[in-house]
Amino acid sequence: MTDALDVSKDLIGKIILLLLLICTSGLGVFANNDKSFKNTNIFIDSNLGKAVTKDSGEILLIDKKIGKIYKVNNLGEISDFVGAGILAYADGIGKEAKFRYPHGIAKDSYGNIFVTDTGNNCIRKISKEGQVVTFAGSKQAGFVDGLAAKAQFNSPTGIAVDSKNNLYVVDQRNHSVRKIDQEGLVTTVTGDGRSGHFDGKLNEAHFYYPEGIAVDKFDNLYVVDKANNLIRKIDLEEGLVSTLTGNVNPGYHDGPLKEGVLSNPSDLVFDNEGHLYIADTGNNLIRKINLKTQEISTLALSEPLDNPYIINLVDDEVLFVNDISEMHIKKVLLK
């Protein structure tokens, strides 16, 4: 059975002391002596965004509230990476760079990091050395395809990379999914700026404030259609959008995917076996989709969650869950 790991009772006093020491910075980490993320607990007094694992064994962690990105090593030790810690807009290296409510983060096969800078309506690119540049879009909200510098987004959130290093961005307030190829050309995959719910061809489908996105090994896209309480699948080869599971009316039900019901889901992530894990925010649960059996189930947790918002899979066995109401990250061991 899958268990949610939290720190043991005999460490509570130490944790309280640690949180008091780091409360002015808004972010802190506790870890035991085992050198693995499996035994790392991250505590946060902020609004966390998506995390990504670097090849070096570090996690890059977004702090949305103050617009910073941190490095966390497998001991749980935290250090600054990029961001000045104020909500603004500026390119530059390290602390020279400024973000406004960054949300999603993804890494390509070359080690480049891409961040959806939601409040600045653009996509930022970060080199391994911490050089931040604007990759696509601008501060001006809009819905324009074309070359990256002239393209416009409106509150981009989720971001994912396919096997060919194409970027796929959830353009939330445009109710659409956009693609940025390696040459920086921005095109609209699906959604026309109007909210709604409709499956079908890419140019006919409608979404309602989508948020999270993930790519499977066949480069199919899976999108959290948040306000519709659905998980949608985008088959690029067939050119079709379909509903994987969920009902437009929020609720809770496990079983066959066609019968599954969620409430205000926010994010999703794949493991190496092709299972999808979903932050079912409105139900305070983590749900699991088995694509082989076409079923949805609920992970058994030893501790309850309160508004789980964003989930991050590390080493294919540890699920970090951003528990918004308690303002820290909880762990779920999958293996």
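Guide: What follows is a short talk about a pocket, some salt bridges and one asparagine in this predicted model.

Visitor: How many residues line the largest pocket, and which lie nearest its centre?

Guide: The largest pocket is lined by 46 residues, and those nearest its centre are Val 215, Val 269, Phe 270, Asp 271 and Asn 272. Its volume is about 1,200 Å³, and the lining divides into 20 nonpolar, 12 polar and 14 charged residues.

Visitor: Changing topic, how many salt bridges are there in the whole structure?

Guide: A search finds 13 of them. In one, Arg 232 pairs with Asp 199, with the closest N and O atoms 2.8 Å apart. Arg 232 lies in strand β21 and Asp 199 in the loop between β17 and β18, so this pair ties together parts that are 33 residues apart in sequence.

Visitor: And Arg 232, buried or exposed?

Guide: Arg 232 is buried, at 0% relative accessible area, whereas Asp 199 counts as partly exposed at 28%.

Visitor: What about Arg 287, which residues does it bridge to?

Guide: Arg 287 forms a salt bridge with Asp 254 at 2.8 Å, N to O, and another with Asp 280, where the closest N and O atoms are 2.6 Å apart. Asp 280 is buried, at 0% relative accessibility, while Asp 254 is partly exposed at 25%.

Visitor: Last one: where is Asn 165 found?

Guide: Asn 165 sits in the loop between β14 and β15, and counts as buried because its relative accessible area is 12%, under the 20% cut-off. Its side chain makes a polar contact with that of Ser 109, at 2.7 Å.

Technical notes:
Residues are numbered from 1 along each chain as its sequence is written. This is a predicted model: local features need pLDDT of at least 70, side-chain atom pairs count only at pLDDT 80 or more; totals for chains, interfaces and linings use all residues. Side-chain values use heavy atoms; hydrogens and water are left out. Helices (H or I, at least four residues) and strands (E, at least two) are DSSP runs, numbered from the N terminus. Buried means under 20% relative accessible area, exposed over 50%, partly exposed in between (1.4 Å probe, protein chains only). A polar contact is a pair of N or O atoms within 3.5 Å; within protein, one must be able to donate a hydrogen and the other to accept it, and residues adjacent in sequence count only if both atoms are side-chain atoms. On a 1 Å grid over the protein atoms alone, a cavity is a set of points where a 1.4 Å probe fits but cannot get out, and a pocket is an open set with protein on both sides within 12 Å along at least five of seven lines; lining residues have an atom within 4 Å of a point. Grid points are joined across faces, edges and corners, and a volume is the space filled by probe spheres set on the points. Ala, Val, Leu, Ile, Met, Phe, Trp, Tyr, Cys and Pro count as nonpolar, Asp, Glu, Lys and Arg as charged, and the others, Gly among them, as polar. A salt bridge is a side-chain nitrogen of Lys or Arg within 4 Å of a carboxyl oxygen of Asp or Glu.
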